[in-house]
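Biologist: Before we discuss the aromatic rings and the backbone, could the structure be shown?

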Amino acid sequence: MKNSKLVLTIKVLLTATIFLFVGSAAALAEYPDRPITMYIGYKAGGGTDTVGRVLAKAMGQNLGQQVNVVNKPGAGGGISTMAVIKAKPDGYTILLNPSLVFTFTPQVNKRLTYAAGDLDYAGTLNAYQVGLGAPAEAPYDTLTGLVNYAKSHSGITYATMNPPSAITIGLIAKKTGIKFNKVPVKGGAGMISVILGKQVDFSYSGGIHQRYPGKIKLLAALSSTRHAAFPNIPTAAEQGYPLSFDTFTTMAVPKGTPKSIIAKIERAMKAASKDTNVLKISEKIKFPMSYRTAAETDEAMQNHWNDFADLIKEVGYKAK
């Protein structure tokens, strides 16, 4: 009698286990079966938001569900990142931010308590054209030329707006011994204002300088490769300053999101990288395509995290 009850109990448990497994597998197979929310960590109208909205539409067509964009600005993209880290890892909350938000920003902002490894990644889409810009009339055409000019001209001014710009000028000053006069500005708009007004000699730029051809010139690409639009201008590293602020529009999801779901988001990202409308808007705002798979993005995020940690330590920048 006891053996019969034991056998019956085992059968019930096995049946329940199989039911749960099949049910879970079916649920995953059905993803997505409702609209997806895509957070963007910046206000509407900027470059990331502009690309993100076209990307969301393309991904929605591929996934068969609407992808709704929600702007959640604050802390340089950190607020949106922390929100997604806390979200349920079911693929219905995703995040598009510059990769620096994951690999650099939390290392210089004490309020942000996450690391690049606290998220999973589904891919990258575009590259930002980060660089050093100067008024078109400036008597130097490269970072090397600027440094040579600064050695015989005191009072060189530099527009600084964020930690990357502070670290960039810190490394240049450390290697040259030149004292630059820092002019604080608010964001890209503030930088453009002082550059076009010729109130500073040069500045860090997250890529907005490309919208002003003929008025702003690139002195150095602050990336590991030269900019496609300025192939004759060397990178900062090529000019003797080993720093790179490589950053890409990057799709992140909560840690622990099932691999099958990440694979579907990855495929939608890949399809979007070839979408006519995505290509058109990327060309229009000068965000060249730089597609990466989920696995490639995971590896890049960790490598960039380590590289930035070394750079921050070398310059002696203190998190604030």
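Biologist: Are F104 and F308 buried or exposed?

Modeller: This is a predicted model, and the answer rests on computed accessibility. A residue counts as buried under 20% relative accessible area. By that cut-off, both F104 and F308 are buried.

Biologist: Which residues form one aromatic cluster with F104 and F308?

Modeller: The cluster has four members, F104 and F308 being among them.

Biologist: How many aromatic pairs does the structure hold?

Modeller: A pair of aromatic rings is described by how far apart the centres are and by the angle of the planes. Rings pair if their centres lie within 6.5 Å. On this basis the structure holds 10 aromatic pairs.

Biologist: What is the geometry of the pair formed by Y31 and Y92?

Modeller: The centres of Y31 and Y92 are 5.1 Å apart, and the angle between the planes is 70°. Planes over 60 degrees apart count as edge-to-face. The pair of Y31 and Y92 is therefore classed, with its 70° angle and the cut-off of 60 degrees, as edge-to-face.

Biologist: How many residues apart are Y31 and Y92, and where do they lie?

Modeller: Y31 lies in the loop between α1 (2-29) and β1 (36-40). Y92 lies in the loop between α3 (78-85) and β3 (93-98). The pair thus links distant parts of the chain, 61 residues apart.

Biologist: Why does Y31 count as buried, and what is its relative accessible area?

Modeller: The limit for a buried residue is under 20% relative accessible area. Y31 counts as buried because its relative accessible area is 4%.

Biologist: Which residue lies over the face of Y92?

Modeller: Y92 is itself buried, at 10% relative accessibility. At 3.6 Å from the ring centre, the residue over the face of Y92 is R34.

Biologist: What is the form of the peptide bond from Y31 to P32?

Modeller: Most peptide bonds are trans. P32 lies in the loop between α1 and β1. With omega near -10°, the peptide bond from Y31 to P32 is cis.

Biologist: What is the phi of K198, and is this residue buried or exposed?

Modeller: Most residues other than glycine have a negative phi. K198, in the loop between α8 (187-196) and β8 (202-205), has a positive phi of about 55° although it is not a glycine. Because its relative accessibility is 54%, K198 counts as exposed.

Conventions
Residues numbered from 1 in each chain as written. Predicted model: local features only at pLDDT ≥ 70, side-chain atom pairs only at ≥ 80, totals over all residues. Heavy atoms only, no water. Phe/Tyr/Trp six-rings, centres within 6.5 Å; stacked < 30°, edge-to-face > 60°. Helix = DSSP H or I, 4+ residues; strand = E, 2+ residues; numbered from the N terminus. Buried < 20%, exposed > 50% of the residue type's maximum accessible area, 1.4 Å probe, protein only. Lys NZ or Arg CZ within 6 Å of the ring centre and 35° of its normal.
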